[in-house]
Amino acid sequence: MPAPCPDTPEPIPGRCGLLEVPENRARRHGRTIRLTVAVIPAASASPAGDPVVFMEGGPGGDAISAIPFLIDSGVNQDRDLIVMSQRGALHAQPNLACPEVDRFNAASVGLRYDAPSTGRRLVRAARACRDRLTSAGTDLRSYNTTENAADFADLRTALGLRRWNVYGYSYGTELALTYLRRHPRGIRSVAIDSVVPPQIVSLPWTWDSAREGIGEIFAACEAQPRCAHRYPDLPRTLTRQVRRPVAARSG
């Protein structure tokens, strides 16, 4: 259904609407949710008839905010660009944001990052968010890749498109591959960028990648005499700087 475009820092140069889908497709008469859809016209005066649909990363990334980046990258150069907010994300109804976790993140700046007590506070914040959402009737089990893929299949049908091209980024690559397996009809091509392999759990991998990157910086410093002389124990220096707010507050 047509709807006003969201109020974003950069106005959306296209038309918008809402896609209404079942929250849980296994429940025939369950509640429905709404997902914001934006259609950005092609820059070309004679575009191809099959558009590009974008699948955001995260999971839970804001697809709508990626529109300026996609346009600057020329994704809509020769084809219309379709962007849809995934279920639970910003600009979806409901938006499953967790202010409880946001408050924890603000407080965690002054907490010891590897302390068990810090971990327990994070768990309490996540539990409070879960309890609030479930008490409001949200079926959290339905916010998953399988349902996300079905949403995009419904979107193609709702737009009356015979075929389109799928572009998935980060977690969106896993979603695109799931979509390809479960809903192959109408797919002309699939592009996967910054691939998240479907056989792994992606969120813990994110932290491992960050640790590996920081470790490479430490090794590069140690290999350069001037850097190694100035920072003889860079891991310890970084840890000390991270923990400084705790020492200052206790002092």
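A crossing of two helices is left-handed if the near helix is turned anticlockwise from the far one by less than a right angle, and right-handed if clockwise. That idea will be handy below, where helix α4 passes helix α5 in a right-handed crossing.

## Welcome to the model

This is a predicted model, in which local features need pLDDT of at least 70 and side-chain atom pairs count only at pLDDT 80 or more, while totals for chains, interfaces and linings use all residues. Residues are numbered from 1 along each chain as its sequence is written, and side-chain values use heavy atoms, with hydrogens and water left out.

The protein chain holds eight helices and seven strands. Here helices (H or I, at least four residues) and strands (E, at least two) are DSSP runs, numbered from the N terminus. Along its principal axes, the C-alpha trace spans about 65 × 45 × 35 Å. Of the 251 residues, 36% count as buried; buried means under 20% relative accessible area, exposed over 50%, and partly exposed in between, using a 1.4 Å probe and protein chains only. Contact means heavy atoms within 4.5 Å. Among contacts between residues at least 6 apart in sequence, 67% join residues at least 24 apart.

Let's start with strand β6, residues 164-169. Five of its six residues are buried, so β6 is largely enclosed by the rest of the structure.

Two strands pair if DSSP finds at least two bridges between them. Strand β3 (residues 52-55) runs parallel to β6 and is joined to it by four bridges; V53 has V166 in β6 as its bridge partner. Strand β7 (residues 187-193) also pairs with β6 in the parallel sense, over six bridges, and Y169 has D193 in β7 as its bridge partner. From β6 the chain crosses through helix α5 (residues 171-182) to β7, in a right-handed β-α-β crossover. A crossover is right-handed if, with the strands pointing away from the viewer, the path from the first strand over the helix to the second runs clockwise.

## Where α4 meets α5

Two packed helices are described by the angle between their axes and the distance between the axes. Axes are lines fitted to C-alpha atoms, for helices over the stretch in contact, and angles run from 0 to 180 degrees between N-to-C directions. The axes of helix α4 (residues 145-159) and α5 come within 9 Å and cross at roughly 65°. That makes α4 roughly perpendicular to α5, since angles under 35 degrees count as roughly parallel, over 145 as roughly antiparallel, 65 to 115 as roughly perpendicular and the rest as oblique.

On the α4 side, the residues that meet α5 include T145, N148, F152 and R156. Their counterparts in α5 include Y171, L175, T178 and R182.

Helix α2 (residues 99-108) contains V101. Leaving aside neighbours within four places in sequence, V101 is in contact with L122, A125 and A126. The C-alpha atoms of V101 and A125 are separated by 5.3 Å, although these residues are 24 apart along the chain.

F104 also has its place in helix α2, and its 10% relative accessibility means that it counts as buried. Beyond neighbours within four places in sequence, its contacts are L111, T118, R121, L122 and A125. R141, in the loop between α3 (116-135) and α4, counts as exposed at 65% relative accessibility.
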